[in-house]
Amino acid sequence: MRIRSLGVALAAAAALVALPATRPPAAAAAETPLSQGRTATSSSDENAGTPAAHAVDGDPGTRWSSAASDPQWLRVDLGATASVTRVVLHWETAYGKDYKVQISADGSDWTDLKSVTGGDGGIDTLDVSGQGRYVRMYGIHRATPWGYSLWEFQVFGTTGGSTPASCGAADAARGRPASASSTENAGTPASAAFDGDPGTRWSSAASDPQWVQVDLGSVQDLCRVDLTWEAAHAKEFQIQASADGRSWTTLRSVTGATGGSASYDVSGSGRYLRVYGTVRATGYGYSLWEVAVHTGSSGGIPPVQGGGDLGPNVIVVDPSTPGLQQKFDQVFAQQEAAQFGTGRYQFLLKPGTYNGINAQLGFYTSVSGLGLNPDDTRINGDITVDAGWFNGNATQNFWRSAENLAIKPVNGTDRWAVAQAAPFRRIHVQGGLNLAPNGYGWASGGYIADSKIDGTVGPYSQQQWYTRDSSVGGWTNGVWNMTFTGVQGAPATNFDTGPYTTLDSTPVSREKPFLHLDGSAYKVFVPAKRTNARGVSWPANAGASIPLDQFYVVKPGASAATINQALAQGLNLLFTPGVHHLDRTIDVTRADTVVLGLGLATLVPDNGVDALHVADVDGVRLAGLLIDAGPVNSDTLLRIGPPGSSADHSANPTTVQDVFVRIGGAGPGRATNSVVVNSDDVVIDHTWLWRADHGSGVGWETNRADYGLRVNGDDVLATGLFVEHYNKYDVYWNGERGRTVFFQNEKAYDAPNAAAVTHDGIVGYAAYKVADSVNTHEAWGLGSYCNYTADPSIVQAHGFQVPVKPGIRMHDLLVISLGGKGQYAHVVNDTGAPTSGTDTVPSKVIRFP
């Protein structure tokens with residue numbers, strides 16, 4: 001295993017006095033290592049002259065060395081999933097006495113390939129077998145007082161088509177729904193065997209037979225199962241698979257098992273996998289710490305490469321870019337009135353100062369700075385949204401965004417006259433901000449977060465607005481519903497005679513991930529969670545950056561199978577601007593996965609599939625996407641957690657930010673549910689779920705969509721919730737301890753008559769319903785408007801329906817009849833005055849009950 005020269009042995013003895021840089025002989029292997037020239041990182045570097053990159057540069061005269069402490073590690077990113085067969089370590093005199101060589105699909109979850117104890121340095125050649133993208137040396141104990149030092153770290157094997165029927169390193173079972181024949185007690189549920197936590201376990205009743213099973217979500221090719229038994233293990237058991245959870249095929253029978261950790265190669269397919277114990281080894285039940293299921297690359301899809309270019313619709317500029325104003329103008333001319341067009345554009349501005357620029361933003365156009373802080377990218381000019389295309393009416397200025405830059409407006413005030421789905425994030429306005437169109441016509445927005453406006457914000461004709469974790473120099477007015485949380489300079493609460501609801505802080509928030517430049521390299525910054533936040537998160541910038549090569553850069557035309565393969569490899573997703581058709585559901589199963597869209601990247605599920613599912617795992621970030629329903633009905637466009645999810649994610653919640661849903665408008669679209677949240681602790685931070693009231697493919701049954709948001713998980717928080725026009729309930733909240741800060745709603749314009757929306761003896765489905773079984777729920781700043789154009793005689797019973805219990809608390813609610821097109825009889829349940837005919841004056845309830 002280890003080849004060692006006398007010279008190296010003598011040098012090791014001398015290392016206790018002084019550590020000379022004794023160079024090793026050149027490697028004998030003729031083949032080029034997979035690791036050579038790849039990206040390398042380490043736990044530490046001794047100094048700038050011994051970086052991690054020197055261990056994979058192919059030069060036997062350069063080396064990596066670490067700090068003089070234990071443990072330390074060196075990691076190489078192979079760039080794609082590989083089948084690793086051999087690892088060669090060329091130690092310098094400061095070597096590892098005890099260490100492991102490990103492999104990982106995602107750089108966070110590691111599997112041991114080889115453990116070395118009592119190492120003697122020199123050249124260690126280790127025969128291994130495993131699949132993954134990342135390989136590392138994990139040093140446990142040093143042999144000298146110095147750090148760890150490697151002349152070369154070489155990884156050999158094959159990638160891509162060289163590995164037929166490869167078995168993926170990712171765990172397809174992690175976080176998936178699980179069940180069992182029995183559980184010993186409530187603390188040892190079936191789900192604990194599939195949660196990726198080696199400190200939790202499933203245990204059964206003390207009888208034979210017993211089983212535990214997992215639902216992988218779809219039929220998959222199965223190639224390996226890893227079992228980690230607790231002391232109460234199986235002596236005899238079977239590994240079985242099933243397509244339907246009823247008829248089972250035995251993939252592997254095991255007898256004489258001794259417990260511990262073991263891996264079993266299997267061959268077969270199924271949606272469900274179970275471990276079926278027939279003979280226990282102890283008097284106790286069966287007990288498994290973890291069950292990991294590995295799947296093959298179905299359909300012969302080769303490993304997916306991370307990183308790469310951002311596609312033709314991402315326009316990257318710097319202050320010296322020639323004709324920059326013309327570039328903005330050209331895109332605006334194309335997109336100004338293209339409300340249901342297919343164009344998608346993202347401007348990325350490198351750090352620097354831009355003078356005399358007016359970036360007018362039309363539909364599906366985003367502009368973002370590439371600095372780590374907003375003030376790194378400074379515009380002495382304007383970013384403008386106005387409503388000239390719609391005769392001064394800003395109520396349809398949807399689907400555009402600005403992010404992560406500073407603006408010094410030419411005339412002192414920037415104009416941002418937007419409606420829904422137009423986030424204004426992480427912006428420093430060195431002046432004022434006008435949220436109304438030129439001429440102060442109608443406006444219906446909007447959302448600001450993590451921004452600093454030095455001057456005054458003037459909403460003027462804006463009907464409603466939500467601002468979070470920001471600072472303003474002042475706020476002048478508002479029409480119906482202006483809600484603030486964690487905003488320095490916000491007006492005091494006054495909903496009785498005014499439009500204001502103000503909370504001093506935001507209970508839980510985590511800013512949206514964003515692309516930035518680190519030198520010349522693209523990275524995605526993932527901000528940390530904040531609790532009871534107030535004011536902007538920058539320039540402190542708690543969080544972490546992920547290199548672009550850890551993302552699959554998804555371009556229109558990429559298959560859903562390839563996208564899922566990338567996820568299975570441990571890659572994150574970066575969707576480039578465009579329309580992405582999906583013939584199967586995207587399945588996000590790994591904790592902390594980032595799915596980020598640029599330029600309102602649009603996902604369209606075809607043939608009635610769901611667009612996106614997220615497993616019941618920690619810390620997934622979904623951001624910057626438009627999901628557009630297809631003409632064949634989908635059950636659920638976005639699902640967070642499978643039914644029955646119950647894991648605690650309070651320390652690291654999944655976040656859904658600037659994720660918008662559209663049913664119809666661009667053409668016929670249908671989906672029973674737009675978004676269903678089954679996981680606990682999810683944070684929904686700015687969404688617009690819209691069943692279209694105009695455009696093409698619009699009609700009571702043509703673009704039918706019964707529910708906008710259904711919340712089944714507990715402790716879910718929504719900040720900035722816009723949901724409109726659904727055939728039944730716009731929001732149905734079934735989880736405990738839910739909270740909503742700001743809600744904007746319009747009921748469906750096209751309800752043909754009162755009978756079409758009558759249920760349980762009640763006329764009209766509430767815009768926001770809390771289920772009768774819920775005991776605790778709280779919400780602030782909620783508004784529902786009716787505009788029953790198909791039948792103005794409809795009188796809806798109420799805008800809000802909640803159980804009357806001590807734990808249900810609703811603050812600052814209003815309902816409005818828009819010009820007398822339908823009416824509300826009450827605000828919430830049977831409380832609150834009816835709306836006032838054609839006067840478009842809100843009926844309010846300050847608190848309920």
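Helices (H or I, at least four residues) and strands (E, at least two) are DSSP runs, numbered from the N terminus. By this convention Arg 639 belongs to strand β42, residues 634–640. The model is predicted, so local features need pLDDT of at least 70 and side-chain atom pairs count only at pLDDT 80 or more, while totals for chains, interfaces and linings use all residues. Residues are numbered from 1 along each chain as its sequence is written, and side-chain values use heavy atoms, with hydrogens and water left out.

The protein chain as a whole comes to 3 helices and 57 strands. Its radius of gyration (taken over C-alpha atoms) is 29 Å, close to the 29 Å that the globule rule (2.2 Å times the number of residues to the power 0.38) gives for 849 residues, so the chain is as compact as a globular protein of that length. The C-alpha trace spans about 95 × 70 × 45 Å along its principal axes. Of the 849 residues, 59% are buried, where buried means under 20% relative accessible area, exposed over 50% and partly exposed in between (1.4 Å probe, protein chains only). Contact means heavy atoms within 4.5 Å; among the contacts with a separation of 6 or more, 67% are between residues 24 or more positions apart.

Arg 639 is buried yet has no salt bridge, a salt bridge being a side-chain nitrogen of Lys or Arg within 4 Å of a carboxyl oxygen of Asp or Glu. The nearest side chain of opposite charge to Arg 639 is that of Asp 610, 5.4 Å away; Lys and Arg count as positive and Asp and Glu as negative, whereas His and the chain ends are not counted. The side chain of Arg 639 does have a polar contact of 3.5 Å with that of His 613. A polar contact is a pair of N or O atoms within 3.5 Å; within protein, one must be able to donate a hydrogen and the other to accept it, and residues adjacent in sequence count only if both atoms are side-chain atoms. Leaving aside residues up to four places away in sequence, Arg 639 touches Arg 176, Leu 612, His 613, Val 614, Val 676 and Asn 678.

Elsewhere, the count comes to 32 salt bridges. One of them pairs Asp 77 with Arg 133, with the closest N and O atoms 2.7 Å apart. This pair links distant parts of the chain, since Asp 77 is in strand β4 (residues 72–91) and Arg 133 in strand β7 (residues 123–142), 56 residues apart. Both Asp 77 and Arg 133 are buried. Arg 426 and Asp 450 also meet in a salt bridge, at 3.3 Å from N to O. Here Arg 426 lies in strand β23 (residues 424–429) and Asp 450 in the loop between β25 (447–449) and β26 (452–458), 24 residues apart. Arg 426 has a relative accessible area of 4% and is therefore buried, and Asp 450, at 2%, counts as buried too.

The structure holds 1 disulfide, a pair of cysteine sulfur atoms within 2.5 Å. The disulfide joins Cys 167 to Cys 223, S to S 1.9 Å. Cys 167 lies in the loop between β8 (149–159) and β9 (178–180) and Cys 223 in strand β11 (residues 210–229), so the pair ties together parts that are 56 residues apart in sequence. The torsion about the S-S bond is about 85°, so the disulfide is right-handed. Both Cys 167 and Cys 223 are buried.
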